[in-house]
Amino acid sequence: MARRWPLVLLVMLTSVLLGLWGLAATAVERVTVLMPAPFAEATTELVKAFNREHPGLELSVSRGPLETEAVSDLAISSLLLGSSPYDLLLMDVTWTPKYAAAGWLEPLEHWLGDDALADLAPGAELGNAFNGHLWRFPLVADMGLLFWRTDLMEAPPRTPAELEAISRRLQASGEVPWGYVWEGKQYEGLSCVMVEMLRGFGGHWLDHNQPDLSSPAAIEATTWLNHLVEAGITPPTVTNMAEPEALQAFQAGDAAFMRNWPYAWAELNRAESPLRGKVGITTMVSQPGEPHAATQGSWGLAVLAGSRHKQAAVEALRFLTSEEAQKQLNLQWGYTPTRVSVFNDPELLATNPVLAELKLALGDAVLRPLTPIYAQLSDLLYRDVNAVFSGAVEPAPAMQQLQTNSERLLLTAGAAG
Ligand code: GLC
């Protein structure tokens, strides 16, 4: 028996070595990306393809909540705790200044080259590079649009007065119960609505980095939206409407106009949609001589400075934002590309007749304020104007109060910095 020991030991040693060798051979580097739920779903096929084509890597998607503030809160909690499980974040354009200022992001120009943004369509390049660094690369473009019923009118309105007149006519003839639905809930979507309205009435949110919210233009913009609710052109439920609720009402034929993002066009034109082929898009109405502004949305990928898998994270970023990936996201989910080359793709142009109009609207894109305290500024804005539309306070005093609160916030943030 004793003589067998060396043999047993040899067998054991060999199997341990073989096991270790096997482990090393199959060890994969795992890269985790946090995305809002709809993008986690839309990228499922792309992620599978990435993993097939990169045997040594495993890209895994952490599915976040739906709304931008909730996803950002989740990312920030993990970053503040110091051991974020994420290597990549799919970020809304408004988060970038805060994350960059906090040192949470890896500058991308070293990885992607100084000309990384060269292929981006005008409008899509905004909000990615500032303070001398490239912080994120946009996966999809997004811009606020006015959706209109092509079966109910010849041409879309270009001014607030026209929108009101067409709405009244169609409501009076019983063709639609309501004129115009938009995002009026107390959340980020309402700030996006306000950016377009402020510009369209000749105002600004910030002017030379100072709040400009009690200007005559800002008060007129808020007064007009409030008037739509009071006049019964916009339903009072608008104060609880986010993008899905506005889309639901419009798709059900309850309104002649809707403000939403490009994804809604694909939804409205699905085979089973009652509005298939009956919807046009354009930019938001504005007072004569003022710009038709489209709030720039967009979601882009950023690599976390604390990631231990940066090279692999950059691989995944390149793959997910490639021409091929953007084409797939447009064909299957209606997401707007960011690359000029994809906008000009003959196959996409043939299947997606609004692509050229989307590119034009993207050219009218307006950024929300690029500041690390954007989330707080926006919180003040959407709470305040939502209170107006709920009937709790008149537009002029509400905007005056908003101006004072925004000034105070900027002052405190400046003092703190
Ligand atoms: C869309 C936009 C994003 C915006 C959000 C508001 O997702 O792309 O920029 O903050 O809507 O609801």
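This is a predicted model: local features need pLDDT of at least 70, side-chain atom pairs count only at pLDDT 80 or more; totals for chains, interfaces and linings use all residues.
## Ligand contacts, pocket and cavity

An oxygen atom of the ligand lies 3.0 Å from an N or O atom in the side chain of tryptophan 299.

| Side chain | Distance from its N or O atom to a ligand oxygen atom |
|---|---|
| Aspartate 142 | 2.6 Å |
| Arginine 368 | 2.7 Å |
| Tryptophan 299 | 3.0 Å |

Taken alone, the ligand exposes 310 Å², and the protein buries 90% of that area. Besides Asp142, Trp299 and Arg368, the residues around the ligand include Thr68, Asp92, Tyr187, Glu188 and Gly189, together with Glu243, Trp261, Gly297 and Ser298.

The largest pocket has a volume of about 760 Å³ and is lined by 30 residues, among which Pro38, Leu66, Glu243, Tyr263 and Tyr335 lie nearest its centre.

Where in the fold does the largest pocket lie? Domain 1, which covers 28–142 and 297–366, and domain 2, which covers 145–295 and 373–416, both give residues to the lining, so the pocket lies between them. Four helices, α2 (37–42), α8 (188–200), α10 (243–251) and α11 (263–268), each supply at least two residues of that lining, and the largest share, four residues, comes from α10. In terms of residue class, the lining of the largest pocket holds 16 nonpolar and ten charged residues, with four polar residues making up the remainder.

Rolling a probe the size of a water molecule over the atoms shows where empty space is left. With a threshold of 30 Å³ or more, the count comes to one cavity, and about 50 Å³ of space lies in the largest cavity. Its lining is formed by Val93, Thr94 and Gln296 together with Leu367, Arg368, Pro369 and Leu370, and by class these comprise four nonpolar, two polar and one charged residues.

Conventions:
Residues are numbered from 1 along each chain as its sequence is written. Side-chain values use heavy atoms; hydrogens and water are left out. On a 1 Å grid over the protein atoms alone, a cavity is a set of points where a 1.4 Å probe fits but cannot get out, and a pocket is an open set with protein on both sides within 12 Å along at least five of seven lines; lining residues have an atom within 4 Å of a point. Grid points are joined across faces, edges and corners, and a volume is the space filled by probe spheres set on the points. Ala, Val, Leu, Ile, Met, Phe, Trp, Tyr, Cys and Pro count as nonpolar, Asp, Glu, Lys and Arg as charged, and the others, Gly among them, as polar. Domain bounds come from an automatic or database domain assignment. A residue is near a molecule or strand if one of its heavy atoms lies within 4 Å of it. A polar contact is a pair of N or O atoms within 3.5 Å; within protein, one must be able to donate a hydrogen and the other to accept it, and residues adjacent in sequence count only if both atoms are side-chain atoms. Accessible areas come from the Shrake-Rupley method with a 1.4 Å probe; for residues, only the protein chains shown count as cover.
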